[in-house]
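Hi,

Here is the model I said I would pass on.

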Amino acid sequence: MIGFLNDFLWGSVLIYVLIPIGLWFTIQSRFVQVRHFIHMFSIFKEAFGKGEDGKPTSFQALALSVAGRVGAGNIAGVAVAISLGGPGAIFWMWIVGLVGMATSFFECTLAQAYKRLEPDTGTYRGGPAYYIKHGLSKRLGKGAIWLAGFYSILLLVTFGFAFSVLQSYAISTSMADAFSVPPVATGLVLAAVIALVIFGGINRITAVTEYVVPIMAIIYIVMVVFVIAMNASELPSVFSRIFSGAFGLDAAIGGGIGAAVTNGVRRGLFSNEAGLGSAPNVAAVAHVRHPARQGVVQALSVFIDTMLICTCTASIILLSDIQPMTTDLDGVVLTQNALADHIGGWAQGFIAFALLLFVFSSIMYNYFLGENALSFFSRDHKLAYRLFRFATLGFIIIGATIDFGPAFAFADLTMGVLALTNLFALILLFPIGLRLMRDFDGKASGGKEPEFEASEFADLDLDATAWPAHHSSRNE
């Protein structure tokens, strides 16, 4: 049943929804991801600053969202896409990433605008559940609350449980292949380390990922650049295989263009999450001067994930002598063996270490999303969070030994429904997203950092305490 629903959802629905909506957002926004591309990188100056009153900075929110996007999807997911859809699947992953940058801009901008300040902790909460509830209440009435609740349940199931299981499985498989470590042992150790972080709350999570994410990304990219440099003469043939496979011109690949598109879109969304509504939950926690500024920053995280990290993994596999569509290797083991083909057996240990960092940060991200989903339902946050923390640790241990296939299939299903729910809300809220973008563009044209004035959007149900008049940040 799960397989049938997945085939229908991904083969007949999402492929014809995800990319067209991203293209529509791109055109209507006058290619916002291109216009602000250079501005995206200004965020890195915050890497050396501290947040105001202990609130996460925009850079920390970026690090946490990259932590979630850069995980098993970039190492295991890319390998699965190539195995099932051929090299052409990578092209469609790129397309999902490029148009997804615009989708991510709008969903994260709306999340910032509709965020709520929690008086007891002084932190922000936001995301699709919040912009659905507060942004669509006039249009949908009580239906907005029901839709927001439905989205929160999907978010909890998909990220809080299913994706944590997948991440745990990926690292346990990698450690077993590289060092013969029993999967249960990997699960127990991972759960113990994760516990030290998640019991410290969102501030500790963002503080840890601020350092872990840059380290893991730089190490992985440097290694891949080395591999590419060794095989520079073969790069033209690799790109030829990607483009020919993308349009079904490679007769040797079963399924042709259909397999390439389906697997590229599916794994692309799993990897960069643009349109899922997951990143907006993280984008909302940052203290910024204007909602659209965080939208610009989060568009960069999609670029880092898909255009850099996923392309790195694809290069490792396609430049090797391993034939991914004929081998019985799958997921992370395929990537490990492909890298070992380039630089020797020690590469298996390197991939295991890189994946360990990826998985560690991704599970912290997944936990935060589950916590955010719970906050929408529960007034007794402390008890709900405590129970969820123990449940997360249990799923990490279980995930270390669960069968890969059913877990991935279930995650695909819940992820697809999650995406449809969020995209429906984004379409209805798109006019508001455009207003916020135009306000940002208009103020930015004056040469100063745009300052958001909630009073100029009095017709919207915004939280005045989250957007006090003339607020500022020492970091910006």
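Helices α8 and α10 run roughly antiparallel to each other, because their axes cross at roughly 175° and angles over 145 degrees count as roughly antiparallel. The two axes come within 8 Å. Axes here are lines fitted to C-alpha atoms, for helices over the stretch in contact, with angles from 0 to 180 degrees between N-to-C directions. Helix α8 covers residues 128-135 and α10 covers residues 142-179; helices are DSSP runs of H or I with at least four residues, strands are runs of E with at least two, and numbering starts at the N terminus. On the α8 side the contact (heavy atoms within 4.5 Å) uses P128, A129, I132 and K133, and on the α10 side A144, I145, L147, A148, Y151 and S152. Sorted by class, that gives eight nonpolar residues, one polar and one charged. For the classes, Ala, Val, Leu, Ile, Met, Phe, Trp, Tyr, Cys and Pro are nonpolar, Asp, Glu, Lys and Arg are charged, and the others, Gly among them, are polar.

Before the rest, the ground rules. This is a predicted model, where local features need pLDDT of at least 70 and side-chain atom pairs count only at pLDDT 80 or more, while totals for chains, interfaces and linings use all residues. Residues are numbered from 1 along each chain as its sequence is written, and side-chain values use heavy atoms, with hydrogens and water left out.

Now the overall picture. The protein has 20 helices and two strands. Of its 476 residues, 63% are buried, where buried means under 20% relative accessible area, exposed over 50%, and partly exposed in between (1.4 Å probe, protein chains only). Taking contacts between residues at least 6 apart in sequence, 82% join residues at least 24 apart.

From α11 the contact takes in G187, L188, L190, A191, I194, A195 and I198, and from α19 it takes in R389, L393, I396 and I397. By class there are nine nonpolar residues, one polar and one charged.

I194 turns up again in the core. The largest nonpolar core has 154 residues, and Y131, I194 and Y220 are those with the most contacts inside it. Such a core is a set of buried Ala, Val, Leu, Ile, Met, Phe, Trp, Tyr and Cys residues joined through side-chain atoms within 4.5 Å. Helix α18 (residues 346-377) supplies the largest share, 18 residues. What does Y220 touch, not counting residues up to four places away in sequence? Its partners are I75, I309, C312, T313, I316, T335, F350, I351, A354 and F358.

F376 sits in α18 and is buried, at 17% relative accessibility. Setting aside neighbours within four places in sequence, F376 contacts A129, Y130, K133, I145, A148, G149 and S152. A129, K133, I145, A148 and S152 are also among the residues of the α8 and α10 contact. F376 and G126 are 250 residues apart in sequence, yet 9.2 Å apart C-alpha to C-alpha.

Also in α10 is S164, which is buried with a relative accessible area of 0%. Neighbours within four places aside, S164 contacts F159, I363 and N366.

In the loop between α15 (279-283) and α16 (291-318) you will find V288, buried at 1% relative accessibility. V288 and T57 are 231 residues apart in sequence and 7.3 Å apart in space, C-alpha to C-alpha. V34, in α3 (residues 32-35), is exposed instead, with a relative accessible area of 56%. Its C-alpha is 9.6 Å from that of L98, 64 residues away in sequence.

Last, some backbone angles. Most residues other than glycine have a negative phi. R30, in the loop between α2 (18-28) and α3, has a positive phi of about 60° although it is not a glycine. S180 also has a positive phi of about 60° without being a glycine; S180 lies in the loop between α10 and α11 and is exposed, with a relative accessible area of 63%.

Cheers

Technical notes: Parallel < 35°, antiparallel > 145°, perpendicular 65-115°, else oblique.
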